[in-house]
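User: Could you walk me through this one? I have not worked with it before.

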Amino acid sequence: MGHTNLKFLDKKLQKEKAYWSQKLSGQLVVTGLPLDYARPEACASEKDEVHLTLDGETARKLFKLCGKSESLILTALVAAQKICLHKYTGNTDILIGTAIHERYGGASSLNKVLILRDQISAEMTSKQLLLAVKSTISEAYSHQKYPFDRILDLLDIQYSANRAPLLDVVAILDNPHNRECVGHLKNDITFAFQVSDSAVTTSILYNPQLFSRATILLFGEHYERILNGLLDAPDAKISELEMLSADQKHQLLFDFNDTSRAYPQQSFNELFAAQVARTPEAIAVECEDEQLTYRELNERANQLAHHLRDLGVGRESLVGILLERSVEMVVALLGVLKAGAAYVPLDASHPAARLSFILQDTSASVLLTQQHLIEQLSEHSATVLCLDAESQREQLKQQSTDNPAVTISAAELAYVIYTSGSTGQPKGVKIQHGSLVNYLSWAAETYLCGQPLSFALYSSLAFDLTVTSIFLPLISGAQLVVYPGEAREGVLEQILSEDKAQALKLTPSHLRLIAERDNRESNLRCLIVGGEALPTQLGQAVVESFGGNVQLYNEYGPTEATVGCSVQRYEEQDQSRVCVPIGRPAANTRLYVLDERMQPVPVGVEGELYIGGEGLAQGYLNREELTRERFIADPYQAGERVYRSGDRARWLADGRLEYLGRSDEQVKRRGVRVELGELRAALNSHAGVRDSLVLVRQDGRGREALVSYYVARREIESEELRRHMAERVLLETVPEVYVYLRKMPLTLNGKVNVEGLPEWE
């Protein structure tokens with residue numbers, strides 16, 4: 001008899017094995033809530049708990065739809081969860097765990113855990129999803145004897161120390177389910193529902209190493225609102241179900257963007273003139289052995305401006321500047337602005353084809369350069385002034401040193417700076433004086449706090465990070481210290497060794513070079529980081545290298561939003577995050593995090609970042625179609641525009657923003673969406689890795705792989721790095737290839753030079 005039962009059981013298990021093999025075929029995406037904190041190497045054994053009681057009306061609607069049927073009630077509760085997870089993550093393949101149904105007994109002791117997999121889309125109706133989830137739950141119960149561990153073996157998935165395999169979220173109903181069945185799982189969140197005759201309550205057990213209590217409470221609110229929408233309008237599309245209340249929408253769109261501040265309605269020229277009047281004999285700029293006071297700098301810029309005016313340069317004229325970093329470069333920049341024109345920065349290290357394109361695209365009337373740089377240029381129509389030519393110097397000396405009688409409004413162009421374009425051709429971003437002055441006013445208040453700070457200038461004029469370093473000291477009476485030569489490691493070492501600068505703006509890639517020094521005796525008091533995400537671990541190391549005597553700011557902003565539009569000072573309380581948040585909006589700036597329907601997403605939910613306000617660029621030069629595509633009507637402020645950044649972000653509960661990477665940095669690998677920045681952060685957490693970059697690359701034969709380039713003092717065994725990554729990220733996203741570098745190749749702008757990375761085989 002026993003033998004017959006075993007044969008029957010074996011046949012039953014084979015049938016169930018076939019079911020689960022089919023149900024879980026293809027690529028599986030683990031679905032959970034976005035984390036507040038970086039996932040640790042090992043999970044906490046105990047979970048924290050919050051309680052949610054559905055209001056009486058919601059419970060009545062649930063009972064009306066489902067009666068007292070436990071399976072139907074579970075169907076509705078799980079369907080609402082799946083909708084929330086879809087809206088939180090954008091995933092369409094949703095996995096949730098549950099426990100076996102105790103009533104079916106039998107050989108169920110072989111197994112404790114079930115997987116509920118459903119496909120979901122924004123265009124489905126709630127009713128369609130309810131029917132699908134009902135079928136999924138029924139089938140799972142009918143095939144609940146096949147052990148979860150055997151399913152993992154079928155899928156070649158292993159347990160890890162810091163998360164449950166496949167299942168981040170688990171839902172159980174206390175009556176038919178036993179909590180002990182899922183108690184051993186290291187899942188992120190468990191929803192344990194309790195149903196009585198008149199009420200539905202939920203115990204939400206969560207890992208406090210991953211989430212704050214506020215996040216879980218907020219998710220509970222969103223969940224109840226989705227459940228209500230599902231019960232009220234089963235024929236509505238999932239895309240139409242709202243997670244946000246009217247008050248929450250107002251908070252996201254208006255309260256978080258309450259940034260209105262008064263600032264001078266002037267041009268930069270007027271701000272600089274006022275500073276010259278206040279501190280005429282203070283040193284304004286120095287480079288090696290040359291120094292100019294504010295009066296001398298103003299007079300030399302005036303002479304150049306008068307000469308440019310004689311050449312026909314005036315309002316809306318575009319003047320190219322192709323000069324090495326020097327006092328002369330600062331004179332040239334100010335002279336162009338004083339003439340009423342806008343400057344176009346060019347970098348001598350850029351390819352001749354790029355320089356030629358920019359000169360042609362701008363129809364620059366004049367090009368300010370040096371004699372040895374002329375040969376780098378192909379044909380163009382600009383009048384060339386070589387400022388180092390003796391004849392040119394003598395000509396400028398004959399000009400008046402008085403301020404030109406040129407009045408510039410805030411609406412006129414200050415500069416046109418070129419950024420890389422998706423078509424391969426760079427695009428010129430047009431920035432007005434008003435946008436520049438708004439940024440500088442905010443930056444002075446944020447970074448200087450009433451105390452003038454000398455800035456080091458060592459990066460390319462063609463990189464808008466440099467705007468802060470040049471203009472901020474010149475409107476605050478401080479000194480601009482110019483460092484010629486290429487922006488390489490040696491220049492940073494020189495800046496730190498000479499110790500003349502009190503403030504420095506740089507990228508995270510350059511910041512890593514500073515972190516390795518003992519900076520406790522340094523005069524640097526302010527570090528402003530921009531251009532890339534700032535890893536928290538790096539921020540902590542830098543602040544510690546200065547003995548805590550430096551303020552480290554993480555500034556975010558695309559060129560189209562005039563240098564910076566949000567900021568966050570590094571704080572120890574953020575150490576548990578992967579990257580330092582990008583903070584709160586700058587003065588007179590609006591930041592929206594929106595979904596595909598241009599609707600605000602809840603706190604904690606990822607969306608695309610849209611930027612509006614006074615810092616917005618005029619648009620792209622000679623690219624009207626692209627301007628209309630990227631600068632669109634503000635859906636929440638009539639008559640205003642917003643810039644569609646292509647960056648992904650989410651609001652934190654305290655009104656700060658967290659940057660989550662570029663839309664084009666997210667790739668799909670083995671069916672799983674991979675955020676390359678997340679992989680880089682995980683690899684950088686290895687004690688021996690100084691810096692890294694993870695890319696999807698092809699070898700010479702066209703084979704594709706996730707390739708990790710890492711910088712370390714010594715080469716590390718690839719297997720050691722794989723183990724390190726496997727403990728921190730999904731196994732499907734662990735890079736296959738590890739390439740050792742002595743140092744990371746950087747562009748002159750201080751960003752990683754991807755083209756300079758070695759090939760792999």
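Analyst: We can go through its salt bridges one by one.

Analyst: This is a predicted model, in which local features need pLDDT of at least 70, side-chain atom pairs count only at pLDDT 80 or more, and totals for chains, interfaces and linings use all residues. Residues are numbered from 1 along each chain as its sequence is written, and side-chain values use heavy atoms, with hydrogens and water left out.

User: How many salt bridges does the structure hold?

Analyst: The structure holds 33 salt bridges, a salt bridge being a side-chain nitrogen of Lys or Arg within 4 Å of a carboxyl oxygen of Asp or Glu.

User: What do Asp232 and Lys61 do?

Analyst: Their side chains meet in a salt bridge, 2.9 Å from N to O. Asp232 lies in helix α6 and Lys61 in helix α2, so the pair ties together parts that are 171 residues apart in sequence (helices, H or I, at least four residues, and strands, E, at least two, are DSSP runs numbered from the N terminus).

User: And which residue does Glu286 meet in a salt bridge?

Analyst: Glu286 meets Lys500, at 2.8 Å from N to O. This pair links strand β7, which holds Glu286, with the loop between α15 and β17, which holds Lys500, 214 residues apart.

User: Is Glu286 buried or exposed?

Analyst: Glu286 counts as buried at 7% relative accessibility, whereas Lys500 counts as partly exposed at 38%; buried means under 20% relative accessible area, exposed over 50%, and partly exposed in between, with a 1.4 Å probe and protein chains only.

User: Which residues are linked in a network?

Analyst: Asp574, Arg577, Arg650, Asp654, Arg656 and Glu658 are linked in a network of salt bridges.
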